[in-house]
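Here's a quick briefing to read alongside the coordinates. Have the viewer open and follow along by topic.

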Amino acid sequence: MKIGFIGLGNVGFKLANSIIESGFDLLINDLDKNAGRPLIKKGAKWIDTPKALAENSDISITCLPSPAVVSNVLEGADGLIEGMDQGKLWIEMSTTDDKEMQRLANLVIDKKAFAIEAPVSGGCHRAATGNIAILVGGTREAFDLAMPALSAIGYQILHIGPIGSASILKVATNYL
């Protein structure tokens with residue numbers, strides 16, 4: 001299984017590292033190629049655009065700093081959605097807006113692909129050890145497809161309900 005990962009920031013890098021250390025083929029993309037160099041040394045392959053990453057991955061994961069950046073990565077020039085097709089899966093792991101997540105998920109689903117939201121909870125220290133909690137919103141079928149990748153990243157993986165529900169719960173846990 002090939003897993004593509006976009007967003008190698010504080011949390012994203014640690015999540016991507018857990019994926020490659022679990023033995024998956026990892027394809028990576030970020031605005032800063034230097035952020036991916038340690039993963040490339042471990043065998044990850046750098047991919048130049050989100051579109052190409054989606055075309056070459058079974059599962060595409062995004063972990064980005066804001067809903068606006070997520071939208072740009074999916075809908076911009078050479079965006080992730082352009083590379084999605086039937087049977088592929090997009091996992092959105094950022095803390096995002098429930099309505100925007102629903103809108104973007106529908107664009108992916110229109111391509112006959114699957115989409116789930118899977119924001120994480122537990123901080124960078126738990127992300128580094130693969131012991132992070134993951135809240136998942138989406139269909140049960142998409143959740144089941146995502147489990148191999150999510151199991152490499154986190155310890156507690158909770159299917160919350162439909163797309164949008166995990167975003168709401170994540171914001172609530174941040175508030176608490």
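Let's start inside: T62 has 0% relative accessibility, so it counts as buried. Keep in mind that this is a predicted model. The chain carries 9 helices and 9 strands, and its radius of gyration is 14 Å, close to the 16 Å that the globule rule gives for 176 residues, so it is as compact as a globular protein of that length.

**Around T62**

- T62 belongs to strand β4, which covers residues 59-62.
- Its side chain makes a polar contact of 2.9 Å with the side chain of W90.
- Leaving aside residues up to four places away in sequence, T62 touches I6, V73, L74, L80, W90, I91, E92, M93 and S94.

**The chain overall**

- Along the principal axes, the C-alpha atoms fill a box of roughly 35 × 35 × 25 Å.
- Of the 176 residues, 52% are buried.
- Take the contacts between residues at least 6 apart in sequence: 62% of them join residues at least 24 apart.
- The accessible surface comes to about 8,000 Å², and 53% of that belongs to carbon and sulfur atoms.

**Salt bridges**

- Side chains of opposite charge can pair when their charged atoms come close.
- How many salt bridges are there? The count comes to 6.
- K42 pairs with E21, with the closest N and O atoms 2.7 Å apart. K42 sits in the loop between α2 (33-41) and β3 (45-46), while E21 is in helix α1 (residues 10-21), so this pair ties together parts that are 21 residues apart in sequence.
- Is E21 buried or exposed? At 55% relative accessibility, E21 counts as exposed, whereas K42, at 45%, counts as partly exposed.
- K51 forms a salt bridge with E82, and here the closest N and O atoms are 4.0 Å apart. K51 lies in helix α3 (residues 50-55) and E82 in helix α5 (residues 80-83), so the pair ties together parts that are 31 residues apart in sequence.
- K51 is partly exposed, with a relative accessible area of 25%, and E82 is partly exposed too, with 40%.
- D144 and R140 make a salt bridge in which the closest N and O atoms are 3.3 Å apart. These two are 4 residues apart in helix α8 (residues 140-153), so about one helical turn separates them.
- D144 counts as partly exposed at 42% relative accessibility, and R140 counts as partly exposed at 48%.

- Which residues make the nonpolar surface patch of about 220 Å²? L158, I160 and L169 do.
- One of them, I160, is placed in strand β9, residues 154-161.
- I160 has 33% relative accessibility, so it counts as partly exposed.

Notes:
Residues numbered from 1 in each chain as written. Predicted model: local features only at pLDDT ≥ 70, side-chain atom pairs only at ≥ 80, totals over all residues. Heavy atoms only, no water. Patch = residues over 30% accessible without salt bridge, like charges linked within 9 Å, V, L, I, M, F, W, Y side chains within 5 Å. Areas by Shrake-Rupley, 256 points an atom, 1.4 Å probe, with all protein chains shown as cover. Salt bridge = Lys/Arg side-chain N within 4 Å of Asp/Glu carboxyl O. Buried < 20%, exposed > 50% of the residue type's maximum accessible area, 1.4 Å probe, protein only. Rg over C-alpha atoms; globule rule 2.2 N^0.38 Å. Contact = heavy atoms within 4.5 Å. Polar contact = N/O pair within 3.5 Å; in protein donor to acceptor, adjacent residues only side chain to side chain.
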